[in-house]
Amino acid sequence: MGETKRMSKLINREEDILLYLQPYMEERFQSACQILQKDIEKQGADIWEQLKNAVHEVLKLSKEAQNRQQKGAIQYLVFSFLKSGIYMDKLLLHLECLDDSFYLEQQETSKIFELSFLQKQFMEDLTFLHKTIQRKFIRLKKYELMEIGIKYADFYNSLIFKMINSLFSLLMQEIKKNNISVTDHFKILYGEYLENATVIYSKE
């Protein structure tokens, strides 16, 4: 009974921490977006070049697998935000080409892309949030600080989605350039890894 109460208290504290930080997260992210917008405008060509290279590598792996008859025509190009990257203090994007077998296909062709152009600002934001919460709650545990990072990463996830969504026409150009076989139902998807995804582009 005592252990159940203790667990309930810990869960409530975690909820209280995130609830308290919510307005600070929103305000901080708004400020971060203004800074990042300027950075992205300056580095736009380099950012696209890095992402294009990552996409090219995944398409190349997929074409090689198709040539070995280990992969069918591509039905999905999937961009997935990896929340697991937060445990390594990194913002990571998982890129993968899937045939119509989806995640049951024979040959995986994927790459992890590090969103280095967002990293510095994200870590500065987390430092601010950690300092803010430490003024309100004492003896914060490592897992509580990690939960703050995971929760705040949702804001950056929404930013990454908008960025990928804005690049879909350039992504389609890359797919055509690589002359890779795609199905008549080809789609570009964005979501969290192995979770629900949003359709960015549909050939139908």
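Buried residues are those under 20% relative accessible area, exposed ones are over 50%, and partly exposed ones lie in between (1.4 Å probe, protein chains only). The legends below describe a predicted model, in which local features need pLDDT of at least 70, side-chain atom pairs count only at pLDDT 80 or more, and totals for chains, interfaces and linings use all residues. Residues are numbered from 1 along each chain as its sequence is written, and side-chain values use heavy atoms, with hydrogens and water left out.

**View 1**
Thr109 is found in strand β3, which covers residues 109–114; strands (E, at least two residues) and helices (H or I, at least four) are DSSP runs numbered from the N terminus. With a relative accessibility of 2%, Thr109 counts as buried. Its side chain is joined to that of Lys71 by a polar contact of 3.1 Å. Such a contact is a pair of N or O atoms within 3.5 Å; within protein, one atom must be able to donate a hydrogen and the other to accept it, and residues adjacent in sequence count only if both atoms are side-chain atoms. Neighbours within four places in sequence aside, Thr109 is in contact (heavy atoms within 4.5 Å) with Val58, Leu61, Ser62, Ala65, Lys71, Leu95, Glu96 and Cys97.

**View 2. Overall arrangement of the protein.**
The protein contains four helices and five strands, and from the N terminus on its elements run α-β-β-β-α-α-α-β-β. The C-alpha trace spans about 60 × 50 × 25 Å along its principal axes. Of the 204 residues, 42% count as buried. Among contacts between residues at least 6 apart in sequence, 69% join residues at least 24 apart.

**View 3. Aromatic pairs.**
The structure holds eleven aromatic pairs. Rings of Phe, Tyr and Trp (its six-membered ring) pair if their centres lie within 6.5 Å; planes under 30 degrees apart count as stacked, over 60 as edge-to-face and the rest as tilted. One of the pairs is formed by Tyr20 and Phe137, which are edge-to-face at 6.3 Å centre to centre, with 75° between the planes. This pair links distant parts of the chain, 117 residues apart: Tyr20 belongs to helix α1 (residues 2–67), whereas Phe137 is in the loop between α2 (116–134) and α3 (142–166). Tyr20 is partly exposed, at a relative accessible area of 27%, while Phe137 is buried, at 16%. Phe122 and Tyr152 form a stacked pair, 6.0 Å centre to centre and with 15° between the planes. Phe122 lies in helix α2 and Tyr152 in helix α3, so the pair ties together parts that are 30 residues apart in sequence. Both Phe122 and Tyr152 are buried.

**View 4. Packing of helices α2 and α3.**
Two packed helices are described by the angle between their axes and the distance between the axes. The axes of α2 and α3 come within 10 Å and cross at roughly 145°; axes are lines fitted to C-alpha atoms, for helices over the stretch in contact, and angles run from 0 to 180 degrees between N-to-C directions. Residues making the contact include Phe117, Leu118, Leu126 and Ile133 of α2, together with Leu145, Ile148, Ala153 and Met163 of α3. By class, this contact has 14 nonpolar, three polar and one charged residues. Here Ala, Val, Leu, Ile, Met, Phe, Trp, Tyr, Cys and Pro count as nonpolar, Asp, Glu, Lys and Arg as charged, and the others, Gly among them, as polar.

**View 5. Tyr156 in helix α3.**
Tyr156 lies in helix α3 and is buried, with a relative accessible area of 0%. A polar contact of 2.6 Å connects its side chain with the side chain of Asp125. Not counting residues up to four places away in sequence, Tyr156 touches Phe29, Ala32, Leu36, Leu91, Leu118, Gln121, Phe122 and Asp125. Tyr156 and Phe81 are 75 residues apart in sequence and 9.6 Å apart in space, C-alpha to C-alpha.

**View 6. Two loop residues with positive phi.**
Most residues other than glycine have a negative phi. Asp89, although not a glycine, has a positive phi of about 60°. Asp89 lies in the loop between β1 (74–82) and β2 (92–98) and is partly exposed, with a relative accessible area of 42%. Arg139, also not a glycine, has a positive phi of about 50°. Arg139 lies in the loop between α2 and α3 and is exposed, with a relative accessible area of 71%.
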